[in-house]
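I opened this entry to keep a record of what I looked up, item by item, with the sequence beside the model.

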Amino acid sequence: MKRRGLAFLFVLLLTMPGAAVYADAEKATLGQVDVRIEVKDGVYAVQEHVTLQHPSAVQGGKLEHSFAHINGVKSESIAFLAGEQELGAEIQSGEVMDRIFVQFPAESPDVLEYTIKYQAEVPKGEYALPLVVPMYPVEKSENRVHISFQAPEGNVIQPNSFPVVNHSGQNQVTSSMVNVPSQVSYIFGTEETVFHSHNLISAVTLLVLVGILVGWGAVERKNARKGA
């Protein structure tokens, strides 16, 4: 009887209002992220406008972001702004990416809007560009991340870009995603073409993978025959 009584008490505690409140505790989520990228004279100008729901739920009063080490782009020049106020940032460097912790503004509302700005020079012939990624899930897992890219004047965007370009051959494109990607890679040139270095690299990689699979299958068949 004592064991049954203890089990009943345990179940009762789990179903009390306090437990329900704990289970439904608010979490910081991304309401929307609008990314704008523009290339002029070989320089990428990036602006990310972030809307963060329930920022007070973040522990320690600092917003965490990641920034991958890609094409030599550095995180030291990144600015975080809430309106006209620049927010302090602490960078923890890693081997493959940096972790950036941004201090809350003095008055943190229920919905925090802030802007991330930086410029980058990507090596000639390369197109991969790292983005600053807020380390919080998108609210309701919907396509609330919008990325707009504008190529240099006189250039068009190629179809094998990332994010996927639905209508290539344009100077400016916009994509919607569920998450903020760690990088984008918009391929552009003076005219749209099917054959270029990036396509060749992809084709070679695919051929190597197919070769590995074919070789593995041949070895498996040979071993099966020996076993028979």
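This is a predicted model: local features need pLDDT of at least 70, side-chain atom pairs count only at pLDDT 80 or more; totals for chains, interfaces and linings use all residues.

**Aromatic rings.** I looked up the aromatic pairs and found five in the structure. Tyr44 and Phe149 make a tilted pair, with 6.5 Å from centre to centre and 40 degrees between the planes. I noted that this pair links distant parts of the chain, since Tyr44 belongs to strand β2 and Phe149 to strand β11, 105 residues apart. Tyr44 counts as buried because its relative accessibility is 4%, and Phe149 counts as buried at 1%.

Tyr127 is buried at 16% relative accessibility, and Phe188 is buried at 15%. Both pairs fall within one aromatic cluster formed by Tyr44, Tyr127, Phe149, Tyr186 and Phe188.

**Sheet.** I traced an open sheet of four strands in the order β6-β7-β3-β10, with antiparallel pairing. β6 and β10 stand at the edges with a single partner strand each, so one side of each has no neighbour in the sheet. Between β3 and β10 I found two bridges, and Ser66 stands opposite Val133 in β10.

**Loop residue.** Is Thr190 buried or exposed? With 66% relative accessibility, Thr190 counts as exposed, and I placed this residue in the loop between β15 and α3. The C-alpha atoms of Thr190 and Gly154 are 6.1 Å apart, with 36 residues separating the two along the chain.

How values were computed:
Residues are numbered from 1 along each chain as its sequence is written. Side-chain values use heavy atoms; hydrogens and water are left out. Buried means under 20% relative accessible area, exposed over 50%, partly exposed in between (1.4 Å probe, protein chains only). Two strands pair if DSSP finds at least two bridges between them. Rings of Phe, Tyr and Trp (its six-membered ring) pair if their centres lie within 6.5 Å; planes under 30 degrees apart count as stacked, over 60 as edge-to-face and the rest as tilted.
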